[in-house]
Amino acid sequence: SAVAVAPSSMLAKFTLLATLATASALKVAKTSVPKPVLKLRGGEIDIPTVNLVNALYYGGYGVPLLVNHDKFFGPDGIISYTKKNIGDESAIGLFFSRFTGVMFCALSAGYLIDKESTMLAKQFGLGSLGFVPLLFMNSQDDTNYKAKMWKMQHLIHLPLTALTLLKAFKKE
């Protein structure tokens, strides 16, 4: 007789697999002369590093959104951002969560295709900039969202957005 596998067990296996696949994308190039990570003036971070950080950031949100928002970010989720489950009212919220997850993962996969792409950095930067108004709205809405969590997200998202835009659109 076949043994049924619990959905939560399958979810955990899928999440582990997705996390390991994302982590395995990191490659450290060997160079004979080490580059300075930051110069004394203005800081110097290269496009591949900006793209890697964004790929990990967006991929790290994309996989859980694709799997199941409520289990990861819902009221009882691992990292809770919302006070309500999005899948309770209708399938529409779950659809949009998964769609967003797919798009985050697709954008993050751009790093595997062309990690040195300035265009990829521009896409990350413009997408991040477009999210800023939503970030502020969610941090003010304590009825639907855990506002403190969204305010803490500012500490990561805003500097990463600024760095990505400055590097991506830098005229050389």
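Visitor: What covers the buried residues of helix 3?
Guide: The cover includes helix 2 (47-73) and helix 4. Buried means under 20% relative accessible area, exposed over 50%, partly exposed in between, with a 1.4 Å probe and protein chains only. Helices are DSSP runs of H or I with at least four residues, strands are E runs of at least two, and numbering starts at the N terminus. Contact means heavy atoms within 4.5 Å.

Visitor: Where do the numbers come from?
Guide: This is a predicted model, where local features need pLDDT of at least 70, side-chain atom pairs count only at pLDDT 80 or more, and totals for chains, interfaces and linings use all residues. Residues are numbered from 1 along each chain as its sequence is written, and side-chain values use heavy atoms, without hydrogens and water.

Visitor: Which residues in helix 3 are buried?
Guide: Ser 97, Gly 101, Ser 108, Gly 110 and Tyr 111.

Visitor: How many helices and strands are in the chain?
Guide: Five helices and zero strands. Of the 172 residues in the chain, 32% are buried.

Visitor: Switching to Thr 118. Where is it found?
Guide: Thr 118 is in helix 4, which covers residues 118-140.

Visitor: What is Thr 118 in contact with, neighbours within four places aside?
Guide: Ile 47 and Ala 168. The C-alpha atoms of Thr 118 and Phe 169 are separated by 8.2 Å, and these two residues are 51 apart along the chain.

Visitor: Is Thr 118 buried, exposed or partly exposed?
Guide: Thr 118 is partly exposed, at a relative accessible area of 34%.
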